[in-house]
Each structure stands twice: as C-alpha cells, then as structure tokens.
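Me: I am new to this protein and would like to go through it step by step. Could we begin with what the terms mean and then look at individual residues?

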Amino acid sequence: MSPVAVSLRAAVLCLWAWMGLAAGDRVYIHPFHLLVYSKSSCEQLEKSNAETPKDPTFTPVPIEAKTSPVDEKALRERLLLAAEKRDEEDRMRAAKVGMLLNFMGFLRYRALSKTQSTAGGAILSPTTLFGTLASFYLGALDPTAHRLQAFLGIPGEDQSCTSRLDGRKVLSALQTIQGLLVAPGSADSQARLLLSTVLGLFTAPGLHLKQPFVQGLLPFAPVTLPRSLDLSTDPDLAAEKINRFMQAVTGWKMNSPLAGVSPDSTLHFNAYVHFQGQMKGFSLLAGRQEFWVDNSTSVSVPMLSGTGTFQHWSDAESSLSMTRVPLSENAGLLLIQPHRASDLQTVEALTFRHDFLTWTKKLCPRRIRLTVPQLALRGTYDLQGLLAQAKLPALLGSEANLGRASDAHLRVGKVLNSVLFELKADEGEQPRESAQQPEGPEALEVTLNSPFLFALYEQDSTAIHFLGRVANPLSEV
C-alpha cells in the first residue's frame with residue numbers, strides 16, 4: 001500500500017472511531033448521507049452525462065483588467081440571507097461539515113504549530129482550509145477526487161455514485177456555516193460581525209477553466225476572481241502582480257505576501273478571509289498597556305476592557321483558565337490563558353484537540369472584569385506544505401487530475417490561505433450571557449497580558465472558524 005493510501009486510511013479510521021459509528025442489525029444509513037449523492041441524483045447525473053455536451057469553458061481575463069473593490073457589507077448581507085433560508089436538512093448538513101472541518105482543523109493546526117516556535121504566534125481558519133480542499137475536490141476526477149474525499153474525512157466505501165461526495169453540498173453547507181457566524185440572532189441585537197472570503201484563481205495565459213467549476217465555488221466564496229498572467233518568465237514579478245492585485249481588490253493588508261510563484265505551474269489558488277468582531281460593552285483603555293511576551297520582555301499594546309457576566313472556568317491541575325466572550329448570540333470567542341506563561345505549549349496540546357468543545361461544559365457564569373489586547377492578527381500558510389507534513393505531497397502535485405476544473409492538465413503551484421483577524425471594542429451594547437448574573441460584591445479580574453490561545457466558533461453547527469496563539473499582539477503571525 002502506498003504512503004498516500006496509508007495516510008488517508010489512517011485519517012479515515014481515526015475519524016470513524018471518533019464518531020463511534022453504530023453497527024448491528026439496523027438498516028444501514030451512510031453516516032454522511034446528507035453530503036453524498038442520492039440515488040435519484042446519481043440517476044440524473046448518468047442521464048445528463050449521456051445527453052449534454054462538454055462543459056463550457058472561458059479564459060480568465062488578464063490580471064491588469066479593471067476589477068471592482070470587494071464590498072464587505074454586501075457579502076455579509078448575502079451570508080445573512082443564506083442563513084435565513086436554511087431548512088432542517090441544511091442545518092443537519094452544516095453540523096456534519098462543522099464536525100469534519102473541526103477534526104481537520106485541529107490536525108492541521110498541530111502540524112502548522114510544529115513549524116513555528118511557541119515564542120511566535122499562529123492562526124489558522126479551519127473553515128477556509130476545508131473550503132479550499134473542497135474546492136479542489138469539486139474540480140477533481142479520480143484518482144485525485146477519491147483521495148481528496150478521503151482526506152476530507154468522508155470515506156468512499158466503494159466506487160459507486162451513492163458513495164461519492166457531492167462537492168456542491170459541502171460548499172453550500174460552508175456558506176450556511178459562514179452565515180450562522182455573522183447572524184445577529186435576536187432582532188434587537190446590534191452585533192455586526194464581518195466575515196469575507198475572496199478566492200483568487202491565477203492561471204497561465206490562454207488556459208481555459210470550466211464555467212461550472214468556477215460557478216460552483218461561489219457559495220463558499222462569492223467573490224471568486226479568475227485572472228491570467230505570465231507565471232513562468234519572471235516568477236518574482238508574477239508574485240508581485242498577484243500581491244498588488246489582491247491588495248487593491250480587498251484593501252486588506254496581509255503579511256507574508258507571495259514571494260515567488262512556481263515557474264512550471266499553471267494555477268495558483270489563493271484564499272483570503274477577513275474577520276472583524278466587536279466585543280460588546282468593551283472600551284479601549286486610555287494609553288497603551290504592558291503585554292509580557294516572556295518573563296523579561298514586555299511590549300506596549302492597546303487593550304480593551306469590559307465588565308459583565310461571562311462563562312468562566314479555572315483549573316489549577318490543568319494550569320489554565322478559560323473565558324467565553326459572546327460576540328453575538330451564535331458566535332463565541334473562547335480565550336484560554338495558561339496560569340504560567342511557560343505552560344503555553346502544554347496547554348495548547350491539552351486543549352486544541354478534536355474534543356475541544358467539551359471543555360465548554362465546564363464553564364460557569366461569573367461576574368468578571370475582562371481585559372484583553374485589541375487584535376489585528378495576520379497569517380498566511382501554504383496548504384502544499386501542510387499536505388507534505390501529512391505525507392501527502394502528491395495530493396495536489398503534478399499528477400493531480402483536475403479534469404472538472406479544466407480540460408488542460410493543470411499544474412498546481414502554491415495553495416495559500418491568508419487570514420486577517422480583527423477584534424475591536426463595541427461600546428454601544430453591554431455584554432450579556434443567557435445565564436442569570438450571580439450575586440457577588442466584586443468582579444473577578446481576568447487580564448490577558450501574557451501569551452494566550454483563542455478559538456472562535458459558531459454554536460449551532462459547532463464549526464470552529466479560527467484557532468490561534470497570541471504570543472505578541474504587535475507581531476505578525
């Protein structure tokens with residue numbers, strides 16, 4: 001058995017064991033039946049494949065073509081509409097995808113953190129990571145499609161159509177998950193969270209992409225920008241053009257800009273995600289405050305502070321405290337602080353696992369005065385590197401079959417995920433939790449002025465949107 005097959009099989013078996021799939025004499029239902037093709041869909045596909053001509057294609061316009069800036073408010077409204085239209089099946093499908101992306105997110109975060117010192121920060125978006133791989137699945141044919149499906153955590157028990165993942169269902173579920181995060185919840189809530197995802201598909205000149213493939217990406221990334229440019233003559237100039245283009249379109253300042261493209265590649269896939277959250281009832285403290293990077297080094301940073309009833313738990317044995325800050329009725333920000341800064345790596349390994357959200361069951365309401373840094377975290381990572389760490393360097397390599405994306409043989413270069421995560425004060429609405437405020441004369445002081453961990457999740461689908469480590473709020477990840 002090849003190393004690729006061994007790695008995929010190990011991941012699948014681990015996920016199935018975690019789920020505790022039922023056995024016995026009950027009627028068998030595929031555990032991911034909401035995400036695979038139904039029998040009727042398979043019959044329709046077979047009929048359409050026999051009757052319809054080849055998929056229409058188009059040539060991406062040059063990167064110099066005029067492009068309108070991203071309208072983040074319009075993107076938010078689109079996500080809200082998707083969340084409002086969801087039915088029970090959409091909700092169940094989102095929960096399944098949320099479980100899968102969490103599992104993948106913790107595995108890949110662990111791999112990402114191994115490449116970085118704990119003295120530095122880290123940030124990863126499990127939803128963007130999962131959506132990127134699901135996008136490639138949408139454009140793949142076997143054997144690449146079969147391998148990607150297994151890597152996504154949905155085993156194809158056989159080669160039949162009804163065991164195959166329906167990529168459009170997955171990307172639609174991701175849109176629901178995104179919409180649930182930014183949804184304010186109650187009609188009187190003033191919470192306004194922004195979540196914007198932009199895809200850049202950068203191809204060699206003259207290469208044709210299939211229209212159904214690009215259109216299929218729109219639920220996950222409504223702003224998908226196929227653009228062509230010379231990738232081979234001057235790779236550094238090509239990278240500079242891509243960076244300038246994305247900066248002009250999004251207006252987001254990202255760190256670690258693309259340093260160079262692979263001269264023999266014909267496709268570079270860049271996913272950019274921007275989150276902006278406001279902490280209800282928090283205000284910006286006057287003057288900068290000390291944040292201790294280590295026992296002997298501090299930096300001056302802007303800090304936010306607010307008093308309210310928050311879910312909180314502290315445990316001496318685990319040497320950590322955890323506080324949940326509601327950013328809306330659906331979105332929760334979990335802040336995890338080691339009792340000793342030297343225990344950061346141990347606490348990260350203990351908490352950032354597939355059972356992470358079970359820790360929230362330990363939380364209890366507590367009146368707290370919470371002080372945290374104002375954040376503007378930027379991070380970029382190459383999925384090709386993460387796949388290599390997972391012993392799957394060939395999954396999107398030169399032999400990958402992406403025949404649903406293009407009739408040409410695509411040679412994939414870098415596959416980047418770039419994250420901009422912002423956390424600011426919102427003095428207009430007081431913090432509140434559903435639990436009753438316990439009586440108590442004084443608020444507990446919780447100050448995150450040393451390295452800590454955070455996770456942003458949506459509680460309906462339980463999908464974790466961001467995982468991160470803040471080692472120095474002034475340093476880019």
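Reply: Buried means under 20% relative accessible area, and exposed means over 50%, with partly exposed in between. Please keep in mind that this is a predicted model.

Me: Good. Is K210 buried or exposed?
Reply: K210 is buried, because its relative accessible area is 10%, and the cut-off for buried is under 20%.

Me: And which residue does the side chain of K210 meet in a salt bridge?
Reply: The partner is D407, and the N to O distance of this salt bridge is 3.2 Å.

Me: Where do K210 and D407 lie?
Reply: K210 belongs to strand β5 (residues 209-210), while D407 is in the loop between α11 (383-389) and β16 (412-426). The pair therefore ties together parts that are 197 residues apart in sequence.

Me: What about D407, buried or exposed?
Reply: D407 counts as exposed, because its relative accessibility is 53%.

Me: Why can such side chains pair at all?
Reply: Side chains of opposite charge can pair when their charged atoms come close.

Me: How many salt bridges are there in the whole structure?
Reply: A search of the whole structure gives 13 salt bridges. One of them joins the side chains of E88 and R91, with 2.6 Å from N to O.

Me: Where are E88 and R91?
Reply: Both are in helix α4 (residues 88-114), and they are three residues apart, about one turn of the helix. E88 counts as partly exposed at 45% relative accessibility, and R91 counts as partly exposed at 32%.

Me: What is the N to O distance between R340 and D343?
Reply: The side chains of R340 and D343 meet in a salt bridge at 2.7 Å, N to O. R340 is partly exposed, with a relative accessibility of 47%, whereas D343 is buried, with a relative accessible area of 15%.

Me: Which residues do salt bridges with shared partners join into one network?
Reply: That network consists of E89, D90 and R93.

Me: Changing topic: how many helices and strands does the protein have?
Reply: The protein has 11 helices and 19 strands. It has 477 residues, and buried residues make up 54% of them.

Me: What is the accessible surface of the protein?
Reply: It comes to about 20,700 Å², and 50% of that belongs to carbon and sulfur atoms.

Me: Let us turn to helix packing. At what angle do α3 and α7 pack?
Reply: Helix α3 (residues 72-84) and helix α7 (residues 167-182) pack at about 105 degrees, and their axes are 7 Å apart. These two helices are therefore roughly perpendicular to each other.

Me: Which residues make that contact?
Reply: From α3 the contact uses R76, R78, L79, L80, A82 and A83, and from α7 it uses Q175, Q178, G179, L180 and V182. By class, the residues of the contact of α3 with α7 are six nonpolar, three polar and two charged.

Me: R76 is in that list. Is R76 buried or exposed?
Reply: R76, which is found in helix α3, is buried, with a relative accessible area of 3%. Its C-alpha atom is separated by 6.7 Å from that of L195, although R76 and L195 are 119 residues apart along the chain.

Me: How do the axes of α4 and α7 cross?
Reply: The axes of α4 and α7 come within 9 Å and cross at roughly 90 degrees, so α4 and α7 are roughly perpendicular to each other. The contact is made by R93, A94, V97, G98 and L101 of α4, together with K169, A173, L174, T176 and I177 of α7.

Me: Now a strand, please. Where is T203 found?
Reply: T203 is found in strand β4 (residues 194-203), and it is buried, with a relative accessible area of 0%. Leaving aside neighbours within four places in sequence, the contacts of T203 include P60, L209, R227 and T266.

Me: And G277, where does that residue lie?
Reply: G277 lies in strand β7 (residues 267-280) and counts as buried at 0% relative accessibility. Beyond its neighbours within four places in sequence, G277 is in contact with L193, E422, L423 and K424. G277 and L193 are 84 residues apart in sequence, and their C-alpha atoms are 5.0 Å apart in space.

Technical notes. Residues are numbered from 1 along each chain as its sequence is written. This is a predicted model: local features need pLDDT of at least 70, side-chain atom pairs count only at pLDDT 80 or more; totals for chains, interfaces and linings use all residues. Side-chain values use heavy atoms; hydrogens and water are left out. A salt bridge is a side-chain nitrogen of Lys or Arg within 4 Å of a carboxyl oxygen of Asp or Glu. Helices (H or I, at least four residues) and strands (E, at least two) are DSSP runs, numbered from the N terminus. Buried means under 20% relative accessible area, exposed over 50%, partly exposed in between (1.4 Å probe, protein chains only). Accessible areas come from the Shrake-Rupley method with a 1.4 Å probe; for residues, only the protein chains shown count as cover. Axes are lines fitted to C-alpha atoms, for helices over the stretch in contact, and angles run from 0 to 180 degrees between N-to-C directions. Angles under 35 degrees count as roughly parallel, over 145 as roughly antiparallel, 65 to 115 as roughly perpendicular and the rest as oblique. Contact means heavy atoms within 4.5 Å. Ala, Val, Leu, Ile, Met, Phe, Trp, Tyr, Cys and Pro count as nonpolar, Asp, Glu, Lys and Arg as charged, and the others, Gly among them, as polar.
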